[in-house]
Each structure stands twice: as structure tokens, then as C-alpha cells.
Amino acid sequence: MQGCWAAQAAGFLQSVRLLREAVSAAVYADAQVVVDATFGHGYWSRSLLDNLPPTGRVVALDRNVAVLPQADAMKKAYNERFHFSQGNFDELRTHLQRISVAHPLLLPNPTEVDSVVVDLTEPTAHLRRTQSQAGPAGASYTYKQQLRGRLDPLLGTKLVSTPLEMINAMTQAELRTVLNDRVPDKWARRVAFKLCRSRRMAYFASLKRVLDIVAGAVP
């Protein structure tokens, strides 16, 4: 138990250090407009706003509707200095153009932002979630369960394809191409073959089965 708490504490301290370094790099002397492209719980946006000058502004983006309460709270706390837009960071240019049209005082020119912060880390809480805590994304790697796509309850549509859906849909050649970016070709070819052979018996419904096949294919 002590080791577990120590690991969590170390992870927390590492996150704090990265937060400080990233904010320090994003908020340089003349910075006025910073984009938080992965809003999440709002830690980055809050830290950016607290370190920007009084006229500094943050434009935040996140595809997950579950963060809307945090975004509303930030709006009340920072007023016109903060703006939230629901969407994915790969559509950042489109969102900035729309924000510039709707809020010209906030963002006069969509091409003139000083910094963009993107947090691509996976929260460790997701990795420790139980099956009942996994939520709509099925984001738990501790227990055997089906991984589901994240749903947008406002639209009733799936926002992303899950890894399992991709593995179930890809051809052997496509799987090999994807794997080639990460492992030598001889292992990519072997893993792709074994995945497709196993898939002919039954589609993949859990990540555990995929990992077992990969582990057996690569010595």
C-alpha cells in the first residue's frame, strides 16, 4: 500500500512539474492569447490565466461534453478572458476561425495566437478504474471488459472509433502497415496475420484477447 501511495505521489509531483514548465514556456513576455487544446478538468487553463497578464486570454477546446460544468465555472471566474468551444484539437483552425467571427474582441485574428498547449498524456486514474467506474468510454485497463467508444450524450453519436473497432475492420495489410510504424516488419507481419486468423473465429470484444495474441506472436 505504501508503494502504491508513493507511486501516486511521484506521478502527481511529475504532473505538477510538467504543468509549471509548460505554462512557463507558453506564457512568455508578450503572450496575450493562449489556446488550451485539451481542456479536461481545466487545470491548464486556470494556470495559464493566472500567469498571463490581466489582458491575457485563453481559448479552450475539448471534445468531451463531460467537461462542460468545469468550463462554465471557468467562464464565471474569468469572464471574457476565457472561452470554451466543444471540439477536437485536430479541428483547431476551424474552431479558431469561428471564434474569431463570433468574438472578435476575444480573438481578432484566428492566425495570431501566441501559444498552443496540448496535453496528450493519459490520466492514471483511467488506468485504475473499476468496471463500474469506466464510464461511457470503457476506459479501464485493470479489468476485463469491452472497450467502448466515447459517446456524446447531446448528439447521441459516437465521436471516435475504438481500437477494437479498428482492429475488427482493418484488413491484414492495413494492420501490418499500422504496426510497421512501431515494430520491425517481420513482427508486424506476424502479428497482423495472427490477429486476422483469430478474428475469423470471432470478432474481438476485449483488449485482453488482443494483447494475448500479440504477446504470443512476439517472442
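The following legends describe close-up views of a predicted model.

Local features are reported at pLDDT of at least 70 and side-chain atom pairs only at pLDDT 80 or more, whereas totals for chains, interfaces and linings use all residues. Residues are numbered from 1 along each chain as its sequence is written, and side-chain values use heavy atoms, with hydrogens and water left out.

**View A. R176, D185 and R189 are linked in a network of salt bridges.** A salt bridge is a side-chain nitrogen of Lys or Arg within 4 Å of a carboxyl oxygen of Asp or Glu; by this rule the count comes to four. D185 pairs with R176 at an N to O distance of 2.9 Å, and with R189 at 2.6 Å between the closest N and O atoms. D185 and R189 both belong to helix α8 (residues 185-201), where they are four residues apart, about one turn of the helix. Helices (H or I, at least four residues) and strands (E, at least two) are DSSP runs, numbered from the N terminus. Relative accessible area is 28% for D185, 30% for R176 and 38% for R189. Each of these values falls in the partly exposed class, which lies between buried (under 20%) and exposed (over 50%), with a 1.4 Å probe and protein chains only.

**View B. A salt bridge joins D212 and K208 in helix α9 (residues 207-217).** The N to O distance is 2.7 Å, and the two residues are four places apart, about one turn of the helix. An α-helix has 3.6 residues a turn, so residues three or four places apart point the same way. D212 is partly exposed at 41% relative accessibility, as is K208 at 38%.

View C. V210, I213 and A217 are buried.

**View D. The largest nonpolar core has 19 residues.** Such a core is a set of buried Ala, Val, Leu, Ile, Met, Phe, Trp, Tyr and Cys residues joined through side-chain atoms within 4.5 Å. F39, L48, F82 and F84 have the most contacts inside it. At least two core residues come from each of α1 (2-26), α2 (43-51), β2 (57-62), α3 (68-78) and β3 (82-86). Leaving aside neighbours within four places in sequence, the contacts of F39 (heavy atoms within 4.5 Å) include A60, L61, M74, F82 and F84. Another core, of 12 residues, lies apart from this one; M170, L175, L195 and V210 are among its members.

**View E. H95 is found in helix α4 (residues 92-102).** The residue is buried, at 7% relative accessibility. Not counting residues up to four places away in sequence, H95 touches L61, S85, Q86, G87 and N88.

**View F. F89, V116, V118 and L120 make a nonpolar surface patch of about 360 Å².** Patches consist of residues with over 30% relative accessible area and no salt bridge; like charges are joined within 9 Å, and nonpolar side chains (Val, Leu, Ile, Met, Phe, Trp, Tyr) within 5 Å. Areas come from the Shrake-Rupley method with a 1.4 Å probe, and for residues only the protein chains shown count as cover. V118 is located in the loop between β4 (115-117) and α5 (124-128) and is partly exposed at 37% relative accessibility.
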